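Work through the exercises below with the sequence and the model side by side, and try each task before reading its solution.

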Amino acid sequence: MSAASTNNTAPPEHGGGNGLLWVLVAVAVVFAFVRPRAPMDWLRLVDWQTVGALAGLLAITQGVEKSGMLQAAARRLLAHTHSQRGLAMALTATAALLSALVTNDVSLFLLVPLTRVLAVQAHLPLARLVVLQALAVNAGSALTPIGNPQNLYLWHRSGESFFGFMAMMGPTVAIMLFWLFVAVWWLVPRTPIALREETEAAPVQPRLLALAGVLFIGFVVALDRHWLLPGLGAVFGVLLLTYPRVLRGIDWALLAIIALMFVDLRQAAELPAIAALLGHWPIGEGWRAYLAAIAASQVISNVPAAILLDRYVHDLPALAAGVSVGGFGCVLGSLANLIALRLAKLPHGLREFHRISIPFLLVCAASALLLRLG
């Protein structure tokens with residue numbers, strides 16, 4: 001990681017390209033020829049619970065954005081923050097803390113739109129701030145059993161208590177957070193925040209904001225009770241009847257990317273060559289299990305990696321630490337990375353992400369490995 005430049009470019013008005021989407025489509029087409037499946041089998045590859053939850057959250061987030069609340073909150077935050085580094089530290093710490101309490105993707109749905117609005121009102125390195133938030137939610141969510149899907153899965157498999165699992169993950173998370181704040185200090189200069197020319201402030205719509213809040217609470221309750229379809233129906237039905245313009249802003253391409261990731265990555269994990277390779281490698285425990293979890297996360301993402309390797313790895317702390325650290329590096333390492341970049345609508349976000357995240361992975365992986373060996 002190199003020292004930061006100011007990178008004060010105006011945030012783009014349109015989202016980034018869909019190159020990753022077309023790559024995933026191409027991979028799916030190859031699998032369709034190599035390993036033909038019935039149409040219903042293709043649909044079963046997708047984790048519809050995850051895709052549906054993201055769809056509902058995207059719709060609700062659009063309601064919050066359209067309400068004008070984020071613009072008002074951004075103005076207040078800028079009035080009390082004097083440097084880019086101070087703002088970055090505050091946003092990164094908030095992302096890490098929230099992710100441990102309300103999961104990594106929900107944290108991003110709350111903070112990335114706010115960060116994008118901040119960059120509209122002031123000259124800020126938007127791409128860098130969003131990448132740091134993606135790293136923050138991957139690090140912070142690793143602490144608790146409910147912070148991310150792979151922790152939830154491994155917690156249920158482990159038989160550990162809630163706080164016992166936190167104690168197990170604590171040292172690895174401490175290392176990740178230490179290097180995260182070193183990265184913030186290094187990459188974001190202590191430059192005074194320069195406000196952009198005043199633009200006409202969007203009026204705050206309290207009714208839309210209140211509706212989005214009620215829908216958010218109701219949708220989270222519905223997800224907790226496994227009422228996905230009724231919850232989605234309520235969110236989209238209410239918005240369609242009251243504020244249909246909100247639904248037009250949903251990033252449907254992001255939902256397609258997530259669905260195709262499940263289709264492609266689950267088929268890759270099922271390949272006989274992969275199973276044979278994992279069965280022969282000595283990755284049952286220790287540093288080999290840890291490194292195998294990191295490597296698998298880079299290729300098939302950390303949630304599928306945790307599920308796949310659970311059959312071969314008998315060292316739960318090593319597996320949990322590996323898939324947590326494995327969320328860094330390649331953008332595919334964690335779904336949170338993709339969500340952050342799409343919410344930020346960055347045309348060159350992948351380049352900036354990998355420029356920061358790959359060195360960050362190497363440093364964190366080596367530090368956590370030394371901790372385990374010690």
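**Exercise 1. Describe the overall build of the chain.**

The secondary structure comes to 19 helices and 2 strands, where helices (H or I, at least four residues) and strands (E, at least two) are DSSP runs numbered from the N terminus. This is a predicted model, in which local features need pLDDT of at least 70 and side-chain atom pairs count only at pLDDT 80 or more, whereas totals for chains, interfaces and linings use all residues. Residues are numbered from 1 along each chain as its sequence is written, and side-chain values use heavy atoms, with hydrogens and water left out.

Next, take the dimensions: along the principal axes, the C-alpha atoms fill a box of roughly 65 × 50 × 40 Å. The radius of gyration of the chain is 21 Å, which agrees with the value near 21 Å for a compact globule of 374 residues; the radius is taken over C-alpha atoms, and the globule rule is 2.2 Å times the number of residues to the power 0.38.

Among contacts (heavy atoms within 4.5 Å) between residues at least 6 apart in sequence, 82% join residues at least 24 apart.

**Exercise 2. Compare the recorded transmembrane spans with the model.**

The unreviewed UniProt entry lists several residue ranges as "transmembrane region", including 126–143 and 316–341; its positions are given in the numbering used here, feature names are shortened, and annotations may be inferred rather than shown by experiment. In the model, residues 126–143 are 83% helix and 0% strand, and their end C-alpha atoms are 27 Å apart.

To look inside the latter span, take Ala321, which lies in helix H17 (residues 316–325) and counts as buried because its relative accessibility is 1%. Leaving aside residues up to four places away in sequence, Ala321 touches Met169, Thr172 and Tyr290.

**Exercise 3. Which residues have a positive phi without being glycine, and where do they lie?**

One of them is His226, with a phi of about 65°, located in the loop between helix H10 (206–224) and helix H11 (228–242). Ser301 has a phi of about 80° and sits in the loop between helix H15 (286–300) and helix H16 (302–309).

**Exercise 4. Classify the ring pair of Phe178 and Trp179.**

The structure holds 6 aromatic pairs, for which rings of Phe, Tyr and Trp (its six-membered ring) must have centres within 6.5 Å; planes under 30 degrees apart count as stacked, over 60 as edge-to-face and the rest as tilted. The rings of Phe178 and Trp179 have centres 5.0 Å apart and planes at 70°, so this pair is edge-to-face. Trp179 itself is partly exposed, at 27% relative accessibility. Elsewhere, ring pairs link Trp155, Phe162 and Phe163 into a cluster.

Conventions
Buried means under 20% relative accessible area, exposed over 50%, partly exposed in between (1.4 Å probe, protein chains only).
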